[in-house]
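I open this notebook to record what I looked up in the structure shown below. The entries follow the order of my reading.

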Amino acid sequence: MTTRPEQRHTAAEPSRSHGTGTGPRPATRRRRTAALVGAVPLALTVALAGCAPGADTSPSPAAASPQDRNGTAQEGGGPVRTPEGTLLVTDFGSDTVTFVDPSEREGAGRESVEVGTAPYGIVLGDDGTAWVATAEGVAAVDTATRKRTALIPYSTDTGPVTTGEYRGGGMGIALSPDEHIVYVGVNVPGGPGTLEAIDTERRQVVETVPVGRRPFDVDVSGDGRQIYTTNHDSFDVTVVDAASWRSRRIEVAPYGTEGGLGSWLKPHYSAVRPSDGALLLPFEGERLAVVDPDTGRVAIERMTADTHQHGVTVTDDGTLFAVGTGAIDPSTDAGPSLTIRAPGGTERVIPLDGSHEDVVVSEDGRTAYVSGGFTRDGYWDGLSIVDVATGDVTRLPAGTRPLGMVVL
């Protein structure tokens with residue numbers, strides 16, 4: 001592959017299996033960013049709530065809202081039925097998250113909820129709360145009432161609130177296994193970032209730890225004892241001990257660090273392999289960095305897509321899904337794609353039309369959703385829906401520069 005400097009950028013992640021039967025079931029992961037999905041009731045919804053400059057901690061009205069047996073809204077408001085498999089996507093080009101029913105192929109029935117400027121990563125709790133990393137703070141969205149119930153400001157000074165790929169504020173986001181803590185990677189333009197821990201009951205920041213530059217992704221070990229930030233501009237992963245808050249750096253640079261901030265060949269997103277807790281980071285459709293977070297050792301395995309790669313996720317059986325955003329050098333490299341890599345290393349590469357950023361997989365493992373809101377130029381306002389068994393791809397209008405996703 002021809003290498004050349006990359007201008008700094010930000011990003012966000014599933015899908016596909018081998019064979020013709022039911023695909024691999026997705027692992028429970030935030031979502032680079034970033035897991036991805038928790039178990040949620042089928043009757044879910046959300047409604048618009050205004051943004052406040054400080055922390056908006058008004059309680060959700062969901063518990064007191066009247067609801068009939070079918071989960072449909074009654075007079076006075078309350079939950080309405082949200083079809084199973086509805087996606088909630090972050091609108092990086094706006095200040096909203098959007099509910100998207102994939103069965104409505106013309107994009108009908110979409111509804112957006114205001115959350116904060118330039119939302120990036122998103123993670124879903126078992127109670128139906130979606131936590132969204134925005135430029136202003138972490139928003140909590142009650143997906144059963146479609147309302148924002150909190151906007152929790154960062155402790156880190158990120159400068160003026162802006163938009164675009166270099167904006168300050170939250171990027172990757174993840175939940176602790178017990179869902180008591182939300183972890184968010186906070187970008188500080190021009191300097192190292194931080195990892196902030198937010199108590200989900202008190203809805204306030206309780207700990208801040210320095211990490212590397214531009215933490216695209218945040219992941220948590222299966223036992224909850226370690227948090228990992230994937231830091232794009234410093235060629236590394238920061239490993240944070242959840243008990244002591246001590247941190248250490250692991251360099252992940254299979255092409256070296258030449259070019260610094262201008263290099264294209266930097267890490268973007270990670271996935272935690274269920275079998276052994278290793279971190280999986282794809283590079284350029286050529287190399288997969290397999291990181292042992294305990295020892296810091298980095299092993300390199302071959303990949304085959306030959307394209308610049310961003311979002312990743314992994315299913316319970318260890319199948320890896322990696323989004324290819326397109327060629328660095330169109331004369332030598334391949335275009336956008338979705339790689340489905342079996343645990344043994346065999347890969348299927350599914351071509352995509354246009355740049356994409358992130359990926360999530362349906363509950364039954366049969367469908368992958370790939371967001372078109374690429375963090376650089378070339379993005380589009382929609383999703384690609386990939387049939388895992390056949391490789392067929394359908395495009396669906398969705399939101400404004402959709403980036404992160406969860407499946408309800």
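With which residue does Arg 341 form a salt bridge? I found that the partner is Glu 301, the closest N and O atoms being 2.9 Å apart. A salt bridge here is a side-chain nitrogen of Lys or Arg within 4 Å of a carboxyl oxygen of Asp or Glu. The pair links distant parts of the chain, with Arg 341 in strand β22 and Glu 301 in strand β19, 40 residues apart.

I noted the basis of these values. The model is predicted, so local features need pLDDT of at least 70 and side-chain atom pairs count only at pLDDT 80 or more, while totals for chains, interfaces and linings use all residues. Residues are numbered from 1 along each chain as its sequence is written, and side-chain values use heavy atoms, with hydrogens and water left out.

Next I looked up accessibility. Arg 341 counts as buried at 6% relative accessibility (buried means under 20% relative accessible area, exposed over 50%, partly exposed in between, with a 1.4 Å probe and protein chains only). Glu 301 is partly exposed at 32%.

I then turned to Asp 233, whose side chain meets that of Arg 214 in a salt bridge (3.0 Å, N to O). Asp 233 has a relative accessible area of 6% and is buried; Arg 214 is buried too, at 4%.

Last, I examined strand β14, residues 236-241, where five of the six residues are buried. Strands are DSSP runs of E, at least two residues long, and are numbered from the N terminus.

Notes. Helix = DSSP H or I, 4+ residues; strand = E, 2+ residues; numbered from the N terminus.
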